Amino acid sequence: MYSPSFYQIAPVIAVCASLAAVPLIALSGSRPNLREFWTFLAAGIKFAMVFSLAGWVLAGNVVEVDLIRILPELSISFRVDSFGMVFALVSSFLWIVAATYTIGYMRGLQEHAQTRFFICFALSLCAAIGVAFSGNLLTMYVFYEMLSLSTYPLVAHHQDREGRAGARKYLAFLLGGSVGLVLPALIILFVLAGTLDFAETIQTGIVPEGTGTTMVVILFFACLFGFAKNGVMPMHAWLPGAMVAPTPVSALLHAVAVVKVGVFCTTRVMLYVFGIDLMDELNLGIITAYIVSFTIVMASIIALTKDNLKARLAYSTVSQLSYIILGVALLAPAAVQGGLIHIVNHAFAKITLFFCAGAIYVATHKKNISEMGGLGRVMPFTFGAFAIASLSMIGAPPVGGFITKWYILVGTLDAGQLAIILVLLASTMLNVGYFAPITYKAFFGKPPAGVTYEPGIKEAPLIMVVPILVAATISVAIGIFPEYMMQFVKMVIP
Amino acid sequence: MIDQVPALIIIIPLFASLFLTLVGSLGHRFSYILLIAALAATFACSLLTLGLVVDDNQTIQYRMGDWPPPLGIELVIDHLSGVVLVLIAGCALLTAMYSLHPAKQDNPDRLNHYYALFILLVTGLLGMTASGDLFNLYVLLEISALSSYGLLARGRGPAYFATFKYLIVGTIGACFYLLGVGYLYIMTGSLNMVDLTALLSQPELQESVSVRIGFTLIILGIWIKMALFPLHAWMPNAYSKAGTTTACLIAPLMTKVSVYIMLRIMFTVFSVDYIFNSIAWSHLVIYLASAAAVVGMIAALAQSDLRKMLTYIIVAEIGYMTGGAWVANASGFIGATYHILADGLMTLCLFMAVGAVIYRTGDASKTAMRNLFQKMPVTAVVLVIGAASIIGIPPTCGFFSKWYLIQGAAQAEAWVFVAALLIASLVAAIMFFRLLEIAFFGDLDATDEHEGSQHGHGHHGPAVAREEAPLSMLIPMVITAVAVIVLGVYTKEVVNYFIIWSVPVGL
């Protein structure tokens, strides 16, 4: 415990640590080891700050910091509460893990423009924590945009035709959603409510009473689809396109930071702007639940058809993200808890899967699942971790994903939505369908005809394997000991 | 002495212009220094005046030669005109600094005459802003217009022809304005704005058809001058053929000052009640403004000439400001006024950056942007900041003006205008990201032959030599870009200290 004034500064340091690292990274571009040191230093400081705040928040405090009052009635402000803490802890911790892995990956493949890569990475982490700690919708919007822009060069990293097409699509969806839908919704909300600060509790929201139903519905759906990073169909198409980025980007950003920011913003708005009462009254929750259920099932079906490993993982992400929104949309306490804890569970599992995909690529230069038969025998750690993480996706004990499924199922029963149970069942089946064969073939299969492996394939470098194992181990740990993270979730909704 | 500062804002550049015509034999450098010194003095005076206005929170009414109005010439400087004066003087000063190399390149002979016209134009713009009298406003309007014809015609290629068209259209606009002022004079017997306000509030004049015709003519004249869609056709050609410095001076300022005059006529000479209740055109004008925003941006998207693209963006921005002024609420008015400042800075920023590219490459099309980040990194960053502001990305000032404009439109339930603003932003985003992609990664079609080897692994393409613009261009450019961000971050202060005071009664 530090003095309260420390906790006023800590969120600012947590957000700005990676921002401050940017010039240092840029200046030490010719000395890679020094450059990577700055990344680690920033990541370490960031996590330390977030972690110290976590203790403070657990003690029942909420930190509110008013940074600058930018319009007479609006300010850029931070608010650190248990809801934001879940996401902040996960993403700041995973940055350390991912940074280690990234170094191995980028050097292993001798990628170009590594300095630019690390700069953009640091910027996007600044934006991600900024979103987690933002105290009102304007701040959230500002950091949301910052994240879209700072990840653009990462998606376009390869600079070839495919990379640029992916990056264009990326921006088109993300900016189209945020400028075209979220921004007007924000401003209209501001005109109606006179404030954009999040509500104190999740019950009431800030939409004033007497607002026309049509208007509320329009605003709600503008936010649901406008935060396109959440991957709700039909706004999901950018995510598979963004898979042209180097794998560490797909791992940390397109499995954790970026997509979770989308989901975080969506759920934050659902709970703290509209509020449970209003959503319940207008049946917005259940409509949303059906919309995202469609995404869950449809994305899983598409994933079945993909042979490219990263594309399959991308569609799996689309599907899993909607679990989070589904949980919150059901509005029953257990379901909301299940949805929010899935931010954590999915993050650790999915980053493991992407790390594995990258390790396979670095070791063998294989991208397609059909070419991976038998590889598990030469890369046991990688594929072992892959197997564990896919169990989490499926929702089998003892991995984290099980906790999610359990809570959401309980919540579904509480809410009396039997149709949703069918969706969950179908999705679980589909998950088994597209994850199990990969592991099975890797360990027990043979290389397909016509594919020959170069002799001497072995595990990827240690600097990549260790992060994989760390992430996989934590995936299991949060399945067996979910209590630490659940504390935060239970503070949001007891 | 300090009481005379308002007059100096106009007198200094006017006399500098006269001197500049005479000093040709003293060489380029001398004219340049004289220009900078005069504009710096003007800028200082305008800052001082703004300080006086803000200090006492009251309007300065300066009588030329101590003749009392309505007969004498009166300068009226309040919060709104004070801040616009600072904008004009500041932009002109930056452009003058910037002009050291490109102006010499564009005007190898008679640079001093070019500079004389340059500062005469600034005199006209400053005078229009400070004038408290409709007829003086016309005189100064013509001064600035005539000097702008002279400046624009010195451009490249078919600039003569484009300028001739502009001359015709501009003169028609000025005639409309003068005719309208004539009607008002016949009806009221006064040309002084404050005087007119009182006279026009009489009930019989509120109903008078002649006054209404006068108002219509004045507004039409101003719309032609400010290139409101569909009266904008003269502008893209005239501005895009101009010399580099000329474009930097005229494009950001001329139209903004016209918008300022529109606000003055609407809310100082006439009243909120007259504009929105007696005339009640606002629905129509909002449609026009929305069309301007969308059509302007889409037309900009279609251009391959960089400066033509920027001028079409101005057409769109004019739509923003017009819409903001006509949605009839305080947020819209604040948005429109704030956008005068924001747009002045961000278009200056873009025109300067593009000017530097043209100066270095001699090419004004999109291909000139190839590998800009490697060749001219500072210019490229300035371009990015300007572009971000046009798109409306926080924390640049473009975001906050858009915020107020959309807020105003939403309050007025002018959904067409909300949609137009959003569509225009999205189109701007497409336009600039296409441009930046070329600037950042090079032109893909040109590098197709490398594609096989260029899979992004350890391969950098042919090394591009660094060829940054000269320092005299970079410094003003960077200042402008910083100003775009600073204005954005200090939006609250700008609104609270300057703009809120000028929100007309009744909005």
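Guide: "Buried" here means under 20% relative accessible area, with exposed being over 50% and partly exposed in between, for a 1.4 Å probe and protein chains only. Before going on, please note that this is a predicted model, in which local features need pLDDT of at least 70 and side-chain atom pairs count only at pLDDT 80 or more, while totals for chains, interfaces and linings use all residues. Residues are numbered from 1 along each chain as its sequence is written, chains are lettered from A and ligands numbered from 1 in the order in which they are written, and side-chain values use heavy atoms, leaving out hydrogens and water.

The partner of A:Arg79 is A:Asp81, and the closest N and O atoms of this salt bridge are 3.4 Å apart. By salt bridge I mean a side-chain nitrogen of Lys or Arg within 4 Å of a carboxyl oxygen of Asp or Glu. A:Asp81 is buried too, with a relative accessible area of 6%.

Elsewhere in chain A, the side chains of A:Arg35 and A:Glu36 form a salt bridge at 2.8 Å, N to O. A:Arg35 has a relative accessible area of 3%, so it is buried, and A:Glu36, at 4%, counts as buried as well. These two belong to a network of salt bridges that also links A:Arg107.

In chain B, look at B:Lys256 and B:Asp343, whose side chains meet in a salt bridge at 3.0 Å, N to O. This pair joins distant parts of the chain: B:Lys256 sits in helix α12 (residues 244-269) and B:Asp343 in helix α16 (residues 330-361), 87 residues apart. Helices are DSSP runs of H or I with at least four residues, strands are runs of E with at least two, and both are numbered from the N terminus. B:Lys256 counts as buried at 1% relative accessibility, and B:Asp343 does so at 0%.

Over all chains the count comes to ten salt bridges, and two of them are found across the interface of chain A and chain B. One example there is A:Arg168 with B:Glu437, at 2.7 Å, N to O. The largest share, 15 residues, comes from α6(A). Sorted by type, the chain A side has 24 nonpolar, six polar and seven charged residues. In that sorting, Ala, Val, Leu, Ile, Met, Phe, Trp, Tyr, Cys and Pro are nonpolar, Asp, Glu, Lys and Arg are charged, and the others, Gly among them, are polar.

To set those pairs in context, the contact takes 37 residues from chain A and 37 residues from chain B, where contact means heavy atoms within 4.5 Å. The size of an interface is often given as the accessible area lost when the parts come together. Chain A and chain B bury about 3,500 Å² between them, 71% of it on carbon and sulfur atoms; this buried area is the accessible area (1.4 Å probe) that the two lose on being put together, summed over both.
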